[in-house]
Structure formats: structure tokens, C-alpha cells
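This report looks at how the parts of a protein model meet, within one chain and between two chains. Please keep the sequence and the structure at hand while reading.

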There are 2 protein chains.
Amino acid sequence: MEGKLYAVGVGPGEPSLLTIKALKALEEARVVAVPKGKAEKKSLALSIIKDYIKDKEVLELVFPMTDNKEVLEEFWEKAAKKVAALLEKGERVVFATLGDPSLYSTFTYLRSYLEKRGNSFPVEVIPGINSFSAAASLLQISLVEGDQNLAVVSAPQNTSRLKNILKIFDTVVILKVHRYLEEIMEVLEELDLEDKGYFVSSCGREDEYFSRDLKALLKKDLDYLSMIIVRK
Amino acid sequence: MEGKLYAVGVGPGEPSLLTIKALKALEEARVVAVPKGKAEKKSLALSIIKDYIKDKEVLELVFPMTDNKEVLEEFWEKAAKKVAALLEKGERVVFATLGDPSLYSTFTYLRSYLEKRGNSFPVEVIPGINSFSAAASLLQISLVEGDQNLAVVSAPQNTSRLKNILKIFDTVVILKVHRYLEEIMEVLEELDLEDKGYFVSSCGREDEYFSRDLKALLKKDLDYLSMIIVRK
């Protein structure tokens with residue numbers, strides 16, 4: 001049997017937001033690989049799927065949250081090696097990734113490292129619910145309708161570019177806002193948009209939280225997986 | 001029992017891309033409402049879920065594809081009235097919508113018409129896989145990674161605005177391109193991006209199609225549900 005790699009989006013947090021297709025891929029795999037930020041921490045992706053995979057072999061892959069490229073490359077190389085070893089044995093390996101595999105997913109790096117190593121196995125990508133769709137469902141707002149347009153950016157942004165984007169777009173999703181709330185608030189105030197923002201964190205998880213009072217959040221310790229949706 | 005309305009995203013076409021949560025909502029409803037463009041046509045949403053709902057009562061709601069606001073309002077009013085009548089009887093009504101309920105979904109209009117009529121029932125929104133995530137999975141590309149940014153627009157665009165968006169963003173998803181391919185090609189050529197586009201139509205359905213040769217498509221009759229993803 002030839003090995004095959006599945007990239008499976010498991011959604012932002014609520015286990016029932018897995019698709020039927022994702023569930024089937026998990027059930028058919030013997031080994032499920034999950035990313036995590038620190039060796040001593042739990043994998044968020046694993047916590048979402050744990051009730052579905054029961055006695056499967058779980059391969060935890062550490063991808064440290066650092067900007068140090070050398071450290072990152074070392075860990076990616078290590079992870080790709082482990083996955084490649086299983087694929088070479090003819091295994092079906094499912095890599096479970098938070099949200100959707102095509103939107104800011106660690107899968108991109110795993111794949112490029114496998115290619116760098118010269119590994120070429122069949123890959124199937126199964127889309128997942130992304131965090132901003134889940135957040136919009138929770139808030140019961142529509143993100144875009146008719147001929148409106150949507151921008152999705154991450155918070156570490158050039159301020160003048162963010163301002164420009166907020167001017168052009170009907171709706172702007174700003175991801176990973178936890179350390180940038182102050183800068184974002186300044187831009188929103190300048191554009192008279194401070195009342196148009198929704199803050200959402202940990203969507204679909206136990207500590208799910210949302211608020212329209214962005215100012216009150218300025219002094220709080222925010223979750224890494226938090227976003228602001230600006231809807232004009 | 002109090003009536004409750006569920007807006008359920010059924011994804012872009014492949015039935016197995018429904019979430020477990022969406023499936024549960026369908027199973028628990030007695031009546032499933034689906035939108036369609038013409039009275040004599042079949043509902044695309046219904047074709048996706050038909051194997052899951054078997055003997056349920058199906059309420060087909062016609063929302064004609066027209067820009068005539070008066071005609072549209074008449075049909076929306078009629079649809080809202082039918083749904084309200086069921087909710088008033090204490091029914092759970094699932095409105096099945098293509099893709100995700102927060103992204104260009106007809107659900108927005110149904111909801112606002114119910115509110116206009118003075119109906120206020122509990123609503124639950126269940127997110128769905130959106131068409132561009134499914135397209136990216138099919139193409140096996142990542143849309144955004146790291147600190148990149150993504151724009152989602154619909155094709156009937158002011159050309160200079162589209163040009164500006166293509167300059168600022170790493171990835172631009174242009175939806176509903178079927179009648180605007182020529183204009184879009186011109187903009188892409190001007191920006192030297194003509195080799196960076198992917199065309200995808202009917203993702204996950206029997207007539208699913210994708211191509212990187214946009215020029216060859218200029219003379220073809222394109223599906224209404226087609227998009228171009230420009231990935232720099």
C-alpha cells in the first residue's frame with residue numbers, strides 16, 4: 001500500500017464543527033498527527049478531535065511559537081522526518097489542523113518540508129470551518145452580502161495599510177489581535193469605526209468570549225486566538 | 001413549544017462537507033426550507049442535502065436572480081411569511097443555505113424580512129464550508145500563511161478598486177466571475193498577474209472544473225458559481 005497524507009481541517013474549537021468527510025478520514029487513519037506549540041502543552045487540535053479518535057496512535061508534532069527561523073526550521077525538519085517515516089511504511093497519516101488547512105495553517109510548512117526532503121506522496125486536503133465564519137455564526141451577523149467585500153488580515157500590520165484596508169472594505173477580519181489591541185483601537189477611532197468592532201476569542205471552546213466594548217478589553221490579558229471583526 | 005429557526009451552511013457542493021452539527025440540525029427538524037433561483041429549477045442546496053433528509057417536509061422558497069428590487073421584495077416577503085407561519089406553530093425550521101450563512105448568503109435577507117414583519121424567534125446559525133476554502137483544498141494551495149492577507153470580493157467591481165486590491169493583497173478571491181472574465185483578465189495583465197490566477201467552478205459537484213489557463217476560458221460559457229483565486 002502506498003502512504004497517503006491527509007490534511008484535515010478540524011474547525012476552530014467545537015468538535016461538532018468537523019465535517020462528515022473529516023470524520024471519515026480520521027476514522028480510516030491509523031495514525032493521527034497533531035501540531036502543538038510547546039512540548040509540555042496540550043494540542044488544541046487534539047482536544048477538538050479526541051472523542052472521535054479514541055485508540056488511534058497520536059503523533060504530537062511540536063512547532064514552537066517563535067520568530068527565530070533557525071529554531072523553527074529545525075522543528076519542521078524533525079516533524080517532516082517523522083511523518084515521512086510513516087508514509088514510507090505505507091501508512092495513511094492524517095494531519096489534523098485547526099480551522100481550515102488553506103488559511104494560516106501549519107500544514108503549509110509540513111508540506112513544504114516534505115517536498116524539500118524529496119518526499120512526494122499523494123496528499124488530500126479536507127477543508128474545515130474557519131474561525132471567522134464560526135465567529136460570525138456566534139455573533140449572528142453576516143460578514144458580507146450582495147456585492148460587499150471582505151478582508152482577512154493578521155494584526156501585526158503596518159498601520160497605514162490597515163487604515164487603507166478599513167477604508168476600502170465593508171468588513172475586515174483582524175486575526176491574532178491579542179498584543180495589538182491598542183494600535184487597532186487608535187486606527188478605528190481615527191476612522192470613526194470604534195463602534196463597528198466585535199471582539200471574539202476561543203470561538204466554540206469552553207472559554208469562548210465575545211464583546212462589542214473593545215475599550216474595556218485594553219487592560220485585559222487576551223487569548224492568542226482572538227480576533228476583531230469590523231463590520232461597517 | 002416555541003418555534004426556532006436554524007440557518008445551516010451546507011457547504012459548496014460535496015454532501016460530505018456538511019458538518020456533524022449541520023447534520024444533527026437537519027435530522028432534528030421536521031421542515032427543511034431551501035432557496036432556489038427559479039420555480040421550475042431545482043434547489044442546489046437541496047441537491048446537496050437530499051440523501052440526509054429523506055422523508056422530511058421540504059419547503060422550497062424562490063428567490064429570483066434579478067436586480068429588480070420590487071420583484072425581489074415581493075418574493076422575500078412571500079418566503080418570510082411561509083417560514084413565519086411554521087415558526088408560529090412552534091416548528092423547528094432549518095433553512096439550508098449554500099456555503100456559509102455569513103458569506104453572501106440568502107439567509108441574511110430571510111432574517112431581515114422576518115424582523116421587518118415583527119417576527120422574533122430564536123435563531124441558531126451553523127457555519128458551513130465556504131467555496132474558496134473548498135476550492136483551495138481542491139487546488140492543494142494555501143490561501144494565506146504567516147502574516148499574509150486575503151481579500152474576498154465579487155466580480156462586478158469598479159476596475160480601479162479591483163486593481164488597488166490586487167496590489168495590496170497577497171491573495172484575492174474574486175467570486176461570481178462568469179460574466180466579467182474579460183475585465184478581470186485585463187486588470188491581471190496590466191499588473192503582470194495573468195499567470196497567478198486559478199479558475200474554479202462548481203467545486204465539489206459533478207461538473208467541478210478548474211484551470212490555470214484563464215485566457216482559454218474567455219470564449220466559454222461559464223457557470224454562475226465560478227471564481228478566480230489570484231495568489232501572488
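## Contact between the domains of chain A

Between domain 1 of chain A and domain 2 of chain A there is one residue pair in polar contact, with both residues at pLDDT 80 or more; a polar contact is a pair of N or O atoms within 3.5 Å, where within protein one must be able to donate a hydrogen and the other to accept it, and where residues adjacent in sequence count only if both atoms are side-chain atoms. The count of salt bridges between domain 1 of chain A and domain 2 of chain A is zero, a salt bridge being a side-chain nitrogen of Lys or Arg within 4 Å of a carboxyl oxygen of Asp or Glu. On the side of domain 1 of chain A that touches domain 2 of chain A, seven residues are nonpolar, one is polar and one is charged (Ala, Val, Leu, Ile, Met, Phe, Trp, Tyr, Cys and Pro count as nonpolar, Asp, Glu, Lys and Arg as charged, and the others, Gly among them, as polar).

The model is predicted, so that local features need pLDDT of at least 70 and side-chain atom pairs count only at pLDDT 80 or more, while totals for chains, interfaces and linings use all residues. Residues are numbered from 1 along each chain as its sequence is written, chains are lettered from A and ligands numbered from 1 in the order in which they are written, and side-chain values use heavy atoms, with hydrogens and water left out.

## Domain layout and buried area

The domain assignment, which is automatic or taken from a database, gives domain 1 (4-126) and domain 2 (131-231) in chain A. Nine residues from domain 1 of chain A and 13 residues from domain 2 of chain A take part in the contact, where contact means heavy atoms within 4.5 Å.

About 760 Å² is buried between domain 1 of chain A and domain 2 of chain A, with carbon and sulfur atoms giving 73% of this area; buried area is the accessible area (1.4 Å probe) that two parts lose on being put together, summed over both. Pro12(A), Leu44(A) and Tyr104(A) supply 58% of the area that domain 1 of chain A buries against domain 2 of chain A, more than any other three residues.

## Interface between chains A and B

In the interface of the two chains, 52 residues of chain B are in contact with 52 residues of chain A. Chain B and chain A bury about 4,100 Å² between them, and 56% of that area lies on carbon and sulfur atoms.

Two salt bridges are counted between chain B and chain A, and the side chains of Glu14(B) and Lys21(A) meet in a salt bridge at 2.6 Å, N to O. Chain B and chain A also have 24 residue pairs in polar contact, both residues being at pLDDT 80 or more. By class, the side of chain B that touches chain A has 26 nonpolar, 17 polar and nine charged residues.

## Strand pairing across the chains

Strand 6 (residues 150-154) of chain A and strand 6 of chain B pair in the antiparallel sense over three bridges; strands (E, at least two residues) and helices (H or I, at least four) are DSSP runs numbered from the N terminus, and two strands pair if DSSP finds at least two bridges between them. The bridge partner of Leu150(A) in strand 6 of chain B is Val152(B).
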